[in-house]
Amino acid sequence: MIRRFMRAGFVPALFLIALLGLFGCGNGASPGEQDLKNARKSFDNGFFLEAEAGYERYLQLEPQGKHRKEAWSRLLDIALNIKADLDRSVALLEAMYLEQGADKAEASDIMYRLGELYQQLGKPEKALESYEKSLRLSQNLPERKVRAQLQLARLYRLRGSYDLVLETLDDCSRSATNTKQKARCLYELAQSYSFINSWAQVKKAVNQLLALEGASEELKAMGIFILADMYEHDHNYEKARELLLSIRDTYPNPLVIETRLDNLK
């Protein structure tokens, strides 16, 4: 019965709540404050259904309330982490976007989380659309921009759209403002070039990764593994073996290295 209510009435109710937030009267009254207090107490004590009802009432009664963001976040937390209800979580995020979309940083985060949920639901096209929106909203927000680009590149790669993959990752490596993200962009770029046997570009990207101060040893080892593939492809088995031996202790899965070394024998 609860599930039937959720499917039939919950999603429209969420959008009504969001619209109230956009167009509410803002008369200074606080009819939902007690609901919010009760919801907080219920949440802290683990009574999540009571908390959920309280947060929903607060959103309905306080269209201009200063704690709306908290209420939305708590509802999402309950739906996603307590109930593991992905469909409801999607509906919540879409309603949050309707209400909070004027803030580009907030809207970008919401679209990114929507993309993650659509991926979990096995809806890659919807995920792609969400990540692309997140990217558009984060053009002046480098960390958010790179995060969206990495996800987009993986989805483009699954579709075989390598022109978009390489364009996205190239921009990603230039846009990154911290070492961790730049290293990840370069690794993904090298890996993508390896899939189309563009070995000169693989070498260039891996060398940039290896020269990057502060990049993790694990990620560098993964880049060297791609170089070993390149040399094996060129039948330079001695060089491939040398590279594999150099990452024996740093590659994330040592068994893979041992298997490749055995094959090279």
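Predicted model: local features only at pLDDT ≥ 70, side-chain atom pairs only at ≥ 80, totals over all residues.
**Helices 13 and 14**

I took helix 14 as residues 254-264. The axes of helix 13 and helix 14 come within 10 Å. Their crossing angle is roughly 160°. Helix 13 is therefore roughly antiparallel to helix 14, since angles over 145 degrees count that way.

Next I listed the residues that make this contact. Helix 13 brings Y237, A240, R241, L244 and L245. Helix 14 brings I257, R260, L261 and L264. I sorted the contact by class and got seven nonpolar and two charged residues, with no polar ones.

**Helices 12 and 13**

I then turned to the contact of helix 13 with helix 12. Helix 12 covers residues 217-233, and helix 13 covers residues 237-246. I found their axes 8 Å apart, at an angle of about 165°. Helix 12 and helix 13 are therefore roughly antiparallel to each other. Helix 12 passes helix 13 in a left-handed crossing.

On the helix 12 side I noted I224, F225, L227, A228, Y231 and E232. These meet Y237, K239, A240, L243, L244 and S246 in helix 13. The residues of this contact divide into nine nonpolar, one polar and two charged.

**Helices 3 and 4**

I moved to the pair formed by helix 3 (residues 48-61) and helix 4 (residues 68-82). Their axes come within 9 Å and cross at roughly 145°. The crossing of helix 3 and helix 4 is left-handed.

From helix 3 I wrote down F48, A51, E52, Y55, E56, Y58 and L59. From helix 4 I wrote down R68, E70, A71, W72, R74, L75, I78 and I82. By class, the contact of helix 3 with helix 4 has ten nonpolar and five charged residues, and no polar ones.

**Disulfide**

How many disulfides does the structure hold? I found one. It joins C172 to C185, with an S to S distance of 1.8 Å. I read -45° about the S-S bond, so the link of C172 and C185 is recorded as left-handed. C172 sits in helix 9 (residues 162-175), and C185 sits in helix 10 (residues 179-195). The two cysteines are 13 residues apart, and the pair links distant parts of the chain.

**Confidence**

The protein chain has a mean of 90. I noted that 89% of its residues reach 70 or more.

Where does the pLDDT stay under 50? I marked residues 1-9, for which the model has four contacts beyond four places in sequence. I also marked residues 22-29, where the pLDDT is below 50. That stretch has nine contacts in the model beyond near neighbours in sequence.

Key:
Residues numbered from 1 in each chain as written. Heavy atoms only, no water. pLDDT = per-residue confidence, 0-100. Contact = heavy atoms within 4.5 Å. Axes fitted to C-alpha atoms, helices over the stretch in contact; angles between N-to-C directions. Helix = DSSP H or I, 4+ residues; strand = E, 2+ residues; numbered from the N terminus. Parallel < 35°, antiparallel > 145°, perpendicular 65-115°, else oblique. Left-handed = near helix turned anticlockwise from the far one by under 90°. Nonpolar A, V, L, I, M, F, W, Y, C, P; charged D, E, K, R; others polar. Disulfide = S-S within 2.5 Å.
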